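Subject: Structure handover

Dear colleague,

Please find the structure below, with the sequence alongside. My notes on what was found in it follow directly after.

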Amino acid sequence: LDGQDNERERIAAYIQAHRQLLETSAQVIKLYLLESPISNMNLASGLDEQVMKERREALTRLSAVFASGMRKGIFRRMDPRATTLAFSAMLESMVSGIVEDSDETSTNDRISEVESLFFHGILKPTTADRDIQEPAR
């Protein structure tokens, strides 16, 4: 999340780090998630205090990157914390999906879908979308 790249590139690098982690450690992560008492609805539940502290710090840094990108006009103006939580939930859901699904969709494909959905959204742009004003923050 640190570096000289613009905020979009830093978020993309964060996604790529998840891709690399899952590609190299997917089986270990699957085993851990299947055998641990944590809820699939909240991967953070059941984590020890040090891990939770590091997670909070990562979310704070991620939120700062989103806020900076919003100020620069790279991202739409929204609540940076809500954006961070939505983004984090997408990544956590993808990890849960890898554990639960038995299909052959690759980790690379899944992460590419998360990245595309996050950066481009699910709706196709229309003429009416260009007329909608973003809320001022």
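**Salt bridges and their surroundings**

E7 counts as buried, because its relative accessibility is 1% (buried means under 20% relative accessible area, exposed over 50%, and partly exposed in between, with a 1.4 Å probe and protein chains only). Please bear in mind that this is a predicted model, in which local features need pLDDT of at least 70 and side-chain atom pairs count only at pLDDT 80 or more, while totals for chains, interfaces and linings use all residues. Residues are numbered from 1 along each chain as its sequence is written, and side-chain values use heavy atoms, with hydrogens and water left out.

The structure holds two salt bridges, a term that here requires a side-chain nitrogen of Lys or Arg within 4 Å of a carboxyl oxygen of Asp or Glu. In one of them, the side chain of E7 meets that of K72 at 2.9 Å, N to O; since E7 belongs to helix α1 and K72 to the loop between α2 and α3 (80-100), the pair ties together parts that are 65 residues apart in sequence. K72, with a relative accessible area of 57%, is exposed. The side chains of E92 and R55 also meet in a salt bridge, at 2.4 Å, N to O, and because E92 lies in helix α3 and R55 in helix α2, this pair ties together parts that are 37 residues apart in sequence. R55 is partly exposed, at a relative accessible area of 25%.

Helix α2 (residues 49-71) has 23 residues and reaches 33 Å from its first C-alpha to its last, close to the 33 Å expected at 1.5 Å a residue, where the expected span is 1.5 Å times one less than the number of residues. Helices are DSSP runs (H or I, at least four residues), numbered from the N terminus. Among the buried residues of α2 are M52, L59, L62 and F66, and the helix is followed by G73, whose phi is positive, near 85°.

H18, in helix α1 (residues 7-35), is partly exposed at 22% relative accessible area. Leaving aside residues up to four places away in sequence, H18 touches L91 and I111 (contact means heavy atoms within 4.5 Å).

As for confidence, the protein averages a pLDDT of 76, and 71% of the residues score at least 70, pLDDT being the predictor's confidence in each residue, from 0 to 100. Confidence is lowest in helix α5 (residues 127-131), at a mean of 55, and highest in α2, at 88.

Best regards

Technical notes. Helix = DSSP H or I, 4+ residues; strand = E, 2+ residues; numbered from the N terminus.
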